[in-house]
Amino acid sequence: QVQLVEAGGGLVQPGGSLRLSCAASGMIFGIYTMGWDRQAPGKQREWVATITRGGRINYADSVKGRFPISRDNGKNTVDLQMNSLKPADPAVYYCTAGLQETATMNRLNYWGQGTQVTLSS
């Protein structure tokens with residue numbers, strides 16, 4: 001069984017920063033991509049950023065230059081440093097991983113349960 005567990009969400013002032021972390025665990029043969037999606041109330045889930053095992057990174061235009069993503073392949077972790085937070089950024093942030101399971105060798109996409117990011121007024 002594979003799990004993705006996020007941490008680091010919370011309440012922050014506009015213009016402030018938060019760091020989200022995610023750790024993947026379980027019967028994992030290999031993780032190819034890791035990243036983050038988000039979903040704000042009443043809106044569809046949207047892609048935020050991804051990073052490949054080799055370090056290739058892509059960002060949504062809405063976060064480019066503000067939310068650097070990084071990963072540690074040895075620890076199966078991915079972080080999202082959220083800077084200069086704007087009113088459009090509050091959402092539930094979901095960790096994502098494209099990986100191969102050890103038990104079945106199937107390649108599947110996994111998501112964490114999400115962590116809430118909120119801006120204070």
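Five salt bridges occur in this structure. A salt bridge here is a side-chain nitrogen of Lys or Arg within 4 Å of a carboxyl oxygen of Asp or Glu. The model is predicted, so local features need pLDDT of at least 70, side-chain atom pairs count only at pLDDT 80 or more, and totals for chains, interfaces and linings use all residues. Residues are numbered from 1 along each chain as its sequence is written, and side-chain values use heavy atoms, with hydrogens and water left out.

Side chains of opposite charge can pair when their charged atoms come close. Take Asp-79 and Arg-19. They form a salt bridge, with the closest N and O atoms 3.2 Å apart. This pair links distant parts of the chain: Asp-79 is in strand β8, Arg-19 is in strand β3 (residues 18–26), and 60 residues separate them. Strands are DSSP runs of E, at least two residues long, and helices are runs of H or I, at least four residues long; both are numbered from the N terminus.

Are these two partners buried or exposed? Asp-79 counts as buried because its relative accessibility is 17%. Arg-19, at 41%, counts as partly exposed. The cut-offs are these: buried means under 20% relative accessible area, exposed means over 50%, and partly exposed lies in between (1.4 Å probe, protein chains only).

Two strands pair if DSSP finds at least two bridges between them. β3 and β8 run antiparallel and are joined by six bridges. One example is Ala-23, whose bridge partner in β8 is Thr-77.

Now turn to another salt bridge. Arg-66 and Asp-89 meet through their side chains at 2.7 Å, N to O. They too link distant parts of the chain: Arg-66 is in the loop between β6 (57–59) and β7, Asp-89 is in the loop between β8 and β9, and the two are 23 residues apart. Both residues are buried. They also belong to a network of salt bridges that links Arg-38, Glu-46, Arg-66 and Asp-89. Elsewhere, Asp-61 forms a salt bridge with Lys-64, the closest N and O atoms being 3.2 Å apart. Asp-61 counts as exposed because its relative accessibility is 67%.

Charges also meet rings. A charge sits over a ring if NZ of Lys or CZ of Arg is within 6 Å of the ring centre and within 35 degrees of the ring normal. Arg-45 lies over the face of Tyr-94, 3.7 Å from the ring centre. Arg-107 lies over the face of Tyr-32, at 4.3 Å.

The backbone deserves a look as well. Most residues other than glycine have a negative phi, and most peptide bonds are trans. Which way does phi go at Asn-76? It is positive, near 55°. Asn-76 is in the loop between β7 (69–72) and β8 (77–82). At 21% relative accessibility, Asn-76 counts as partly exposed. Met-105 also has a positive phi, near 65°. Met-105 is in the loop between β9 (91–101) and β10 (107–111). Its relative accessibility is 37%, so Met-105 counts as partly exposed.
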